[in-house]
Amino acid sequence: MLTQNYDQVIQNIQDACGRAERKPEEVTLIAVSKTKPVPMLLEVYKHGCRHFGENKVQELLDKYEALPKDIKWHMIGHLQRNKVKYIVDKVYLIHSVDSFRLAEEISREAVKKQVHVNILIEVNVAGEESKFGCRPEEACDLTMEIAKLPNICVKGYMTIAPFVENPQDNREYFRKLRQLSVDIMRKSIDNVSIEYLSMGMTGDYEIAVEEGADFVRVGTGIFGERSYIV
Ligand SMILES: *Cc1c(COP(=O)(O)O)cnc(C)c1O
């Protein structure tokens, strides 16, 4: 089941790349495994998946310990400053940096542990009240400020698009994020190389790929619905 789902998502990404005249190698699928048990991750790992996304620090740490060390872990959820120290040396990319204070903490802990941390700035492109992320107008200044900090490197931007019935409705937000990244890239900020856009989830990743996503974050489409225990 899982491996079939995974293959289907890969196929859909390839098809979207075809439509957009992009190379499939440009797009990395992150299997979003939050709430799912280790054996399920292992099944997808054995099938070839090396990028996994989690949104809670403790869960990421538990799975990091339990699973092979060549996995690239993506922190995609809201990150509290007091938890940064547990993950800076374990994550491949933090997608959810939306304030200078959080970036400062990541930088401080990265210096302490003598690692370099790659991050994306989360942008609330659609301006939804309920979502984290900086406002699009703030993204450039935030990029420039973070660029001055040691041991942290801004690699691009992430957005979570609204929940919609018709994924086409999110195309404009993916376009906006891409345009924003192009505008900031043109400023050639020292110590910043914008390489990645992280956008697209189960409902809309094909549209996101058509609009230039480098990372897509797919959970339900691979692992099935999540059941949260309350
Ligand atoms: C849960 C989550 C996803 C995956 O959502 P699906 O709709 O299950 O694919 C992607 N990105 C973020 C930030 C998430 O929290």
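Begin by selecting helix H1, which gives the most to the lining of the second largest pocket, with four residues; helices here are DSSP runs of H or I with at least four residues, strands are DSSP runs of E with at least two, and both are numbered from the N terminus. Before going further, note that this is a predicted model, in which local features need pLDDT of at least 70 and side-chain atom pairs count only at pLDDT 80 or more, while totals for chains, interfaces and linings use all residues. Residues are numbered from 1 along each chain as its sequence is written, and side-chain values use heavy atoms, with hydrogens and water left out.

**The second largest pocket**

Now select the whole lining of this pocket, which consists of Tyr 6, Ile 10, Ile 13, Gln 14, Pro 24, Val 27, Thr 28, Leu 29, Arg 50 and His 51. A pocket is an open set of points on a 1 Å grid over the protein atoms alone, where a 1.4 Å probe fits and protein lies on both sides within 12 Å along at least five of seven lines, and lining residues have an atom within 4 Å of a point. At least two lining residues come from helix H1 (2-20), and at least two from strand S1 (28-32). Coloured by class, the lining shows six nonpolar, three polar and one charged residues, where Ala, Val, Leu, Ile, Met, Phe, Trp, Tyr, Cys and Pro count as nonpolar, Asp, Glu, Lys and Arg as charged, and the others, Gly among them, as polar. The space in this pocket is about 150 Å³, a volume being the space filled by probe spheres set on the grid points, which are joined across faces, edges and corners.

How many aromatic pairs does the model hold? The count comes to two aromatic pairs, where rings of Phe, Tyr and Trp (its six-membered ring) pair if their centres lie within 6.5 Å, and planes under 30 degrees apart count as stacked, over 60 as edge-to-face and the rest as tilted. Select Phe 52 and Trp 73, whose tilted pair has 5.8 Å centre to centre and 40° between the planes. Phe 52 lies in strand S2 (residues 51-54) and Trp 73 in strand S3 (residues 72-75), so the pair ties together parts that are 21 residues apart in sequence. Phe 52 is buried at 0% relative accessibility, and Trp 73 is buried with a relative accessible area of 1%; buried means under 20%, exposed over 50% and partly exposed in between, with a 1.4 Å probe and protein chains only.

Then select Tyr 196 and Phe 215, an edge-to-face pair with 4.9 Å centre to centre and 65° between the planes. This pair links Tyr 196 in strand S7 (residues 196-198) with Phe 215 in strand S8 (residues 215-218), 19 residues apart. Tyr 196 is partly exposed, at 23% relative accessible area, whereas Phe 215 is buried at 2%.

**A last stop in helix H7**

Finish at Ser 181, found in helix H7 (residues 171-185) and buried at 2% relative accessibility. Leaving aside neighbours within four places in sequence, Ser 181 is in contact with Tyr 157, Ile 194 and Leu 197, contact meaning heavy atoms within 4.5 Å.
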